[in-house]
Amino acid sequence: MNRAEEETPVEGPANLEPSWTSPGSLGEMESLKPEKEQWPKNQGRPRKQLENVAVNQKNDLAMSTSKKRKVDTERRVFNKKWTSKYFFTEVGKKAFCLICKESLAVFKEYNLNRHFETKHASKYDKLSAQEKTKKAEEMVAAMQKEQSFSPKALEVRDGIMRTSYEIAHIIAKKSKPFSEGEFVKECILKSAAILCPDKKEQFENVRLSRRTIVRRVEDISENLHQQLKSKVNDFSYFALALDDSCDVKGTDQLLIFIRGITENFELTEELALIQSMKDTTTGKDLLEAVDQCVSKLGMDWKKLVCVTTYGSPNLAGKDIGLLKIIQDQVKETDPEQKIILLHCIIHQEVLCKSVLKLSTVVDTVTKVVSYIRARGLNHRQFAALLEGSESEHTDVLHDTSVSWLSLGNILKRVWELRAEIGLFLNMKEDLAFPQLNDADWLSDFAFAIDVTGYMNDLNSRLQEKGLFAHELHSNIKSFMMKLLLFARQIGNKDFSHFPTLQQVTVSDQNLKKYVSLLVDLHAEFSCRFKDFQMIEKDLSLVSSPFTFNVDSAPCDLQLELIDLQYDALLAEQFQAVPLPSFYASLNEQKFPKIKTHARKMLVLFGSTYVCEQTRSVMKVNKSNLRSSMSGDHLAAVLRIATTEMTPDFDFLVNAHQRLHSSP
C-alpha cells in the first residue's frame with residue numbers, strides 16, 4: 001500500500017503552517033494595515049517598524065487559529081480496510097474495537113494501529129489476511145446481532161441470566177447438590193406452564209444444568225472473595241480463628257476465619273480460606289497456608305492482634321505449634337508487637353466436665369438407651385408402650401455427634417421416663433436395670449441432670465451469635481460464681497437450684513461428694529481460662545470504662561480515661577448505643593488511645609464456634625454421597641454458605657454478557 005492509499009481523505013487544511021503563497025492570506029494581511037489617517041500622531045516609532053509589527057501579529061493569529069481547530073472540522077472518514085486490518089468498525093461516528101469494545105474518537109490510522117499493536121497484536125497478528133477478514137466479519141455480525149436486541153429484549157436476557165445466578169446461590173447457600181438445579185428447573189417449567197404459559201419460553205432459557213451451577217458457584221465465590229479483599233484494605237486490626245479437621249475422605253481441611261475492624265468500628269467476620277492439607281499438618285505446614293491466606297487477601301501482619309484455636313498440638317504446641325511459630329515470626333519483624341493467643345472458650349468449657357466423674361450414671365443410661373434404640377423390635381415396642389400409657393414423651397433421645405450438647409437432654413428424658421423404662425425392661429427380662437431401686441444411684445442421677453443442665457445452658461450462651469470476647473468471659477465468670485453458690489447451698493442441704501435433686505433422698509455422704517465435685521469444677525474453670533484472665537483488665541476497660549479503676553489502667557490511657565469518666569453526656573450515650581457505635585462516636589483527637597485499645601479488644605475471636613459451624617456445613621456438603629467434591633468447589637460452597645455479604649449479581653451478569661459477547 002503506497003502513501004496515497006494509507007492517507008485518509010480529509011477536507012480542509014492539512015498543514016498547520018500558514019500558506020505564504022496564498023493570495024487570500026496576503027489580502028487579509030493588507031486589510032489589517034491601518035489607513036494613513038489612523039496612524040497616531042507624535043508616535044515614537046517609525047512607520048515602517050509599525051507595519052512590520054502588524055504583519056507579525058497577523059502571522060501569529062493565523063497560526064493560533066490553525067492550532068485550535070476542532071477534530072470534527074477535519075471531517076476524517078473511516079476506511080473500511082481498517083476493519084480487517086485492525087479489527088475496528090464505525091459506530092456512532094467513533095472507531096469501535098471489535099475485540100475489547102473500546103472506542104476511539106478520531107478516525108486516524110496511527111491511533112488504530114497503536115491500539116491494535118499494544119493490546120491485541122500478540123493474539124491476532126499471527127492470523128493471515130484472509131483469516132483476519134473472516135474473523136472480523138464474524139465479530140461484526142455478532143455485534144450487529146447484539147445491537148438488534150431491543151431494550152426490553154436485553155432486559156429479558158439479563159433477567160434470565162440473573163435468575164440462573166440467584167438459583168445457584170440458593171443451592172450453594174442451602175448446601176444442596178449441584179445437580180439440584182435440573183430438578184429446580186423442572187419444577188419451574190411445570191409451574192410456568194400452569195401460571196404463565198406465555199412466558200414459559202423465558203424459563204426454558206434459564207440454564208440450570210449441573211455444570212452451569214458449578215460455574216455460577218465459582219463466579220459467586222470469586223465475587224465474594226473480591227468483596228472481602230476490598231474490605232480488608234480498610235481494616236485497622238484483624239484477628240484469626242483456626243481449626244483443622246478431616247473430611248469424609250480423610251483429607252485434613254484447615255479453616256481460617258478473619259475478623260477485622262475499621263477506623264469507624266465496622267466489624268467484618270468472614271471465611272478467609274479453606275485449605276486442603278493433603279500431606280503432613282505440622283506447624284510449618286499450617287504456617288504456609290496461613291501465610292498464603294494473608295498474602296492473597298493483601299493483609300499486613302503488623303495489624304494482627306489475636307489468633308484463636310481449639311488447642312490441638314499442631315496449632316497450640318508450645319515449641320513447634322503454629323501459634324508459637326507465628327509469634328516468633330512477628331517478633332522478628334516487630335519486637336514491640338504483641339499477639340494475644342487464645343484457646344477456644346467453648347472447647348475449654350467442654351473439657352471442664354471431665355472432673356464431674358459422672359461415668360457411673362452416663363454409662364448406665366447409655367446402655368439402656370442403646371438397648372431400646374439399637375434394636376428395631378425393642379424400639380417399636382417401647383414406642384407402643386409410651387403411646388398406650390399416654391406419656392408426655394413418645395421416645396427416648398439418643399446421643400448425637402455433639403455429645404456435650406445432648407447429654408443433659410438425654411439424662412433428663414430418661415429420668416422423666418424412668419417408670420416406663422423400668423416396666424419395659426421387666427417385660428423383656430433380658431436386661432436388668434437394678435439402679436432404678438438404688439437410692440444412691442438415683443441421687444447421683446438427679447445431681448447429674450441438674451449440673452449438666454446448667455452446663456448446657458452455659459454452652460448455649462457461649463454459642464450466641466455476635467458476642468465479643470469480654471461477653472464470653474463474663475458468662476464464664478458468672479458461672480464460676482454460681483458454682484460457689486451451689487456448693488455452699490448443697491453443703492447446707494439447700495436444693496433450691498437443684499429441682500431434680502429435691503425429688504430424691506440425699507445421704508450425707510453424697511452431699512459431701514457433690515460439694516467436692518462443684519468445688520473441683522470451679523477449680524478446673526479457674527485453671528482452664530487463664531488465657532482470658534491474662535487480658536481480663538483490658539477487656540473490662542473496654543466493656544466498663546466508666547466504672548474501671550483508673551489506677552489499674554495502662555499509663556498511656558489514664559488521662560483519657562479520666563476525661564471519659566467525667567463526661568456525663570458520654571455516660572448516657574454509653575448506656576443507649578451498642579459498644580462499637582459508642583467508641584466510633586468518640587472524638588478521635590480527644591480519645592485516640594482509648595479508641596485504638598477498643599479496636600484491639602473488640603476484634604478478638606473469643607471462640608472458634610464459627611469454625612465448628614462451618615465444619616458441620618462441610619460434613620453436609622462433602623458426605624459419603626458427595627465424597628468426590630473437589631477442594632476448590634468445597635471452598636466455594638463454604639464461602640457462600642457462611643458469608644454475610646451479598647453477591648453483586650448485577651456485576652456478575654454484566655461480566656458474563658461481556659465475556660460471551662467478545663471473542
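**Helix packing**

Axes are lines fitted to C-alpha atoms, for helices over the stretch in contact, and angles run from 0 to 180 degrees between N-to-C directions. I noted that two packed helices are described by the angle between their axes and the distance between the axes. I also noted how helices and strands get their names: they are DSSP runs (H or I of at least four residues for helices, E of at least two for strands), numbered from the N terminus.

**Ground rules**

This is a predicted model, where local features need pLDDT of at least 70, side-chain atom pairs count only at pLDDT 80 or more, and totals for chains, interfaces and linings use all residues. Residues are numbered from 1 along each chain as its sequence is written, and side-chain values use heavy atoms, with hydrogens and water left out.

**H25 and H28**

I looked up helix H25 (residues 555-565) and helix H28 (residues 592-602), which pack at an angle of about 100 degrees with their axes 8 Å apart. That makes H25 and H28 roughly perpendicular (the label covers 65 to 115 degrees; under 35 is roughly parallel, over 145 roughly antiparallel, and the rest oblique). Who touches whom? On the H25 side I listed Asp556, Leu557, Glu560, Leu561 and Leu564, and on the H28 side Pro592, Lys593, Ile594 and His597. Contact here means heavy atoms within 4.5 Å. I sorted the residues of this contact into 5 nonpolar, 1 polar and 3 charged. For that sorting, Ala, Val, Leu, Ile, Met, Phe, Trp, Tyr, Cys and Pro are nonpolar, Asp, Glu, Lys and Arg are charged, and the others, Gly among them, are polar.

**Strand S7**

Next I checked S7 (residues 304-309): 6 of its 6 residues are buried, so the strand is largely enclosed by the rest of the structure. Buried means under 20% relative accessible area, exposed over 50%, and partly exposed in between (1.4 Å probe, protein chains only). Strands pair if DSSP finds at least two bridges between them. S7 runs parallel to strand S4 (residues 235-246), with 4 bridges joining them, and Ala241 has Thr308 of S7 as its bridge partner.

I then found an open sheet of 3 strands, ordered S1-S2-S3 with antiparallel pairing. S1 (88-91) and S3 (103-104) stand at the edges with a single partner strand each, so one side of each has no neighbour in the sheet.

**Confidence**

Mean pLDDT (the predictor's confidence in each residue, from 0 to 100) is 82 for the protein, and 83% of residues reach 70 or more. I marked residues 1-45, where pLDDT stays under 50.
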